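Please look over the sequence and the model shown here. The report that follows takes up strand pairing, helix packing and aromatic rings in turn.

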Amino acid sequence: MATSGKGGKSLVADRRYIAQKAATTGGRGTTPPRKPAPRKAAPKRSGNLLTRFITGIWRIIWGTFWRVGAVCGMVLAGIVFYFYQQLPPVNALLDGRAKGSVTLLDRNDTVFAWRGETFGGQITADTVSPYLLHAVIATEDKRFYQHFGVSPRGIASAISINLAAGRGPLEGNGGSTITQQVAKLLCLGVPYDPKQWKSEADYEADCRGGGVKRKLKEIPYAIAMEAKYTKEEILTIYFNRAYLGAGARGFEAAAQRYFGTSANDLTPAQAAMLAGLLKAPSKYAPTNNLKRAQDRANVIIDLMAEQGYLTAEEAADAKANPAQLSDAAQTKSGGFFADWVMETAPDFLTSTTTEDVIMRTTLDQKLQKDAEDALAWVFDNKVAKGSKAQAAIVVMSADGAVRAMVGGRKTENAGAFNRATQALRQTGSSFKPFVYAAALDLGWSPSDYVEDVPLTLHIPGSGAWTPDNYDKKFKGLITLTQALEESRNIPAVRVSEAVGREAVAKVAKGFGILNDIAPGPALALGASESTLIEMTGAYAGILNGGSAVTPYGLVELKLKGEEESLMGAGGGIGERVISENAAKLLTFMMFKAVESGTGTRARLEGRPAAGKTGTTSAARDAWFIGFTADYVTGVWIGYDDNTPLKGVTGGGLPAEIWHEVMTRVEDGVPVSELPLIVPEYRAPPNAGNASNQPVDPNAEFPQDPAVQQQPAEPSVPLMNPSDDQVEALLKDILKSGN
């Protein structure tokens with residue numbers, strides 16, 4: 001143990017103490033007096049009074065700002081949480097249509113038209129073509145995967161662009177992200193209420209509205225979506241709900257409508273075109289202007305290449321081979337037909353349906369294109385440029401199944417008025433077959449004779465009525481065949497008066513002329529009005545052997561995905577109107593009208609055809625309706641405002657259009673003979689009459705000797721007398737003993 005004392009060593013603790021003391025006393029062994037701590041000087045105030053004032057204001061502002069910001073942040077968080085709680089599962093948001101759609105199929109079950117907003121079926125961001133995914137990202141939101149639903153940089157850029165363009169900061173470009181666009185598509189969770197909005201279109205317009213108030217709601221909703229859904233789920237909603245023009249809702253419906261393919265199989269050019277529609281669907285719809293849609297697609301292709309989604313070679317190939325419309329989309333087949341057939345079914349299954357409906361129809365797209373091309377060719381080659389004359393065409397089978405329909409030419413202010421089904425026009429001489437049908441059904445023969453001499457009927461209350469022939473000439477005693485063949489007016493009136501106007505009207509109504517029949521003797525000359533589809537259907541009754549038909553386009557209607565039919569065909573062959581023998585004799589007479597009468601311009605090379613021309617008073621309407629063994633086709637030409645046609649008769653342009661239509665329609669179809677009966681020849685009642693000439697034994701059919709090859713086209717008298725019979729009428733009718 002260490003000790004202390006003389007000569008002894010000091011303890012360790014003592015040595016430490018001495019060393020510490022020496023260090024604090026400077027080695028002097030004494031402790032100096034402690035000096036008092038100096039006072040700190042008061043800080044000097046820097047800057048002048050203005051600087052101090054600004055600093056104080058800033059401190060107040062900053063303090064207020066972060067406190068307000070904290071409050072706003074909490075409010076925003078609360079709103080986001082509220083929206084987050086309201087958001088439904090993704091699958092419930094993919095089909096947001098308030099109404100369903102109608103998909104129309106032709107006779108071969110190929111889609112040719114749509115009505116309403118179609119939804120092609122659910123697709124996901126994982127299954128769509130990668131080209132489509134990249135095209136949408138490159139076009140609409142290239143930082144989609146980096147932001148949280150809102151892009152401050154995008155909003156700032158949009159405000160800058162708008163101000164530079166002289167617009168308001170939120171007018172025009174909105175800087176919206178894809179998530180914000182989806183928020184608009186969902187209308188910020190507000191469902192469609194027909195009591196609040198006049199229509200679904202008004203509802204969607206309100207949802208797409210801009211402004212500060214809308215943005216303040218849109219931002220927290222977008223953030224809530226980012227919190228609720230994955231990026232892929234947000235894209236899935238977008239792909240299914242975006243409107244892409246032509247009634248297509250979602251990219252799957254658009255891909256099917258424009259290209260006839262699935263959104264999963266789109267090429268770069270097709271994907272770019274669809275992505276380009278997002279900016280302005282109606283403007284850039286390829287069915288509206290294909291070239292404009294292709295130019296817009298090229299802009300998207302450049303964006304995809306810049307952002308690395310396409311190589312230079314892929315971009316060049318996409319531009320060199322732009323997307324093209326499918327056949328159905330390109331031809332726009334059956335627009336008038338589709339509108340017409342939609343009207344034949346109940347509204348709750350068509351225009352106001354809440355379900356997706358499939359409608360099978362009678363349309364033949366090949367025949368539809370034939371009719372459209374024929375009409376265009378005639379007006380391009382045989383009508384003065386800029387003509388505003390309108391035309392309509394109906395092609396149907398003998399049972400009334402409508403195969404093609406052209407409701408009008410595409411001219412300025414033409415509108416969507418369907419002249420084939422809606423226009424009531426005077427029928428002119430195209431009505432005359434019903435006069436002769438009534439006579440033939442009563443046992444008359446096409447070889448019977450009738451006088452073509454001046455005739456005056458005294459109509460009580462109206463005075464004298466004197467019909468005239470178009471050429472102002474009279475042929476004397478001629479056969480019924482020649483009378484129809486040359487479309488002579490006076491013989492038609494005589495036959496009508498002989499068999500009775502009531503009988504003629506009954507036949508016409510039986511064949512489907514539903515409007516009021518003119519009551520006076522002028523009914524024989526087509527003073528009554530009808531539509532082209534009615535007249536074509538009536539002629540179909542002659543072709544099928546004398547039975548009425550109801551023109552129809554609907555074959556079957558059912559809900560999409562269902563097998564059970566909700567509706568069947570709405571027309572077809574009905575009751576017999578005239579005997580089959582009478583129908584076949586009338587077909588012979590109409591055959592002669594095409595072969596050597598007023599309808600020679602309609603004659604088909606190597607194929608028998610029958611028909612009848614028609615021109616109304618002052619040439620306001622011109623008709624040609626005829627048939628082969630395969631199809632019945634009706635053609636009408638006129639002006640919507642009833643302006644008279646110049647130099648046009650039924651045997652002119654209408655017959656030429658008919659010829660062009662049927663030449664195309666019958667191309668490749670085996671030749672079939674018409675169902676006709678050649679009547680037995682009868683000599684004129686007056687053996688010494690100059691018209692009693694020998695019959696040509698080499699003629700294809702026996703014919704009366706008074707036939708002329710190029711007769712003129714008749715017109716309809718302007719008067720429309722009453723039903724009263726004239727006392728001396730029987731003296732002026734047929735002198736053949738009938």
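## Strand pairing and the sheet

In this predicted model, D621 stands opposite G638 in β19. The strands concerned are β18 (residues 621-627) and β19 (residues 632-638), which pair in the antiparallel sense over seven bridges; two strands count as paired if DSSP finds at least two bridges between them. Strands here are DSSP runs of E with at least two residues, while helices are runs of H or I with at least four, and both are numbered from the N terminus.

β18 and β19 belong to an open sheet of five strands, in the order β7-β6-β19-β18-β17, with antiparallel pairing. Its edge strands, each pairing on one side only, are β7 (402-406) and β17 (610-615). On average, and with direction ignored, neighbouring strands of this sheet are turned by 5 degrees against each other.

## Basis of the model

Residues are numbered from 1 along each chain as its sequence is written, and side-chain values use heavy atoms, with hydrogens and water left out. Because the model is predicted, local features need pLDDT of at least 70 and side-chain atom pairs count only at pLDDT 80 or more, whereas totals for chains, interfaces and linings use all residues.

## Two crossing helices

Helix α5 (residues 178-185) and helix α7 (residues 212-228) have axes that come within 9 Å and cross at roughly 110 degrees, the axes being lines fitted to C-alpha atoms over the stretch in contact, with angles from 0 to 180 degrees between N-to-C directions. That makes α5 roughly perpendicular to α7 (65 to 115 degrees).

In contact, meaning heavy atoms within 4.5 Å, T179, Q180, V182, A183 and K184 of α5 meet K215, E218, I219, Y221, A222, M225 and E226 of α7. By class, this contact of α5 with α7 has six nonpolar, two polar and four charged residues (nonpolar: Ala, Val, Leu, Ile, Met, Phe, Trp, Tyr, Cys and Pro; charged: Asp, Glu, Lys and Arg; polar: the others, Gly among them).

## Aromatic pairs

Across the whole structure, a search finds eleven aromatic pairs, where rings of Phe, Tyr and Trp (its six-membered ring) pair if their centres lie within 6.5 Å. The rings of F83 and Y221 have centres 5.0 Å apart and planes at 65 degrees, so this pair is edge-to-face (over 60 degrees). F83 lies in helix α2 (residues 49-86) and Y221 in helix α7, 138 residues apart, and both are buried (under 20% relative accessible area, with a 1.4 Å probe and protein chains only).

Definitions and conventions
Angles under 35 degrees count as roughly parallel, over 145 as roughly antiparallel, 65 to 115 as roughly perpendicular and the rest as oblique. Rings of Phe, Tyr and Trp (its six-membered ring) pair if their centres lie within 6.5 Å; planes under 30 degrees apart count as stacked, over 60 as edge-to-face and the rest as tilted. Buried means under 20% relative accessible area, exposed over 50%, partly exposed in between (1.4 Å probe, protein chains only).
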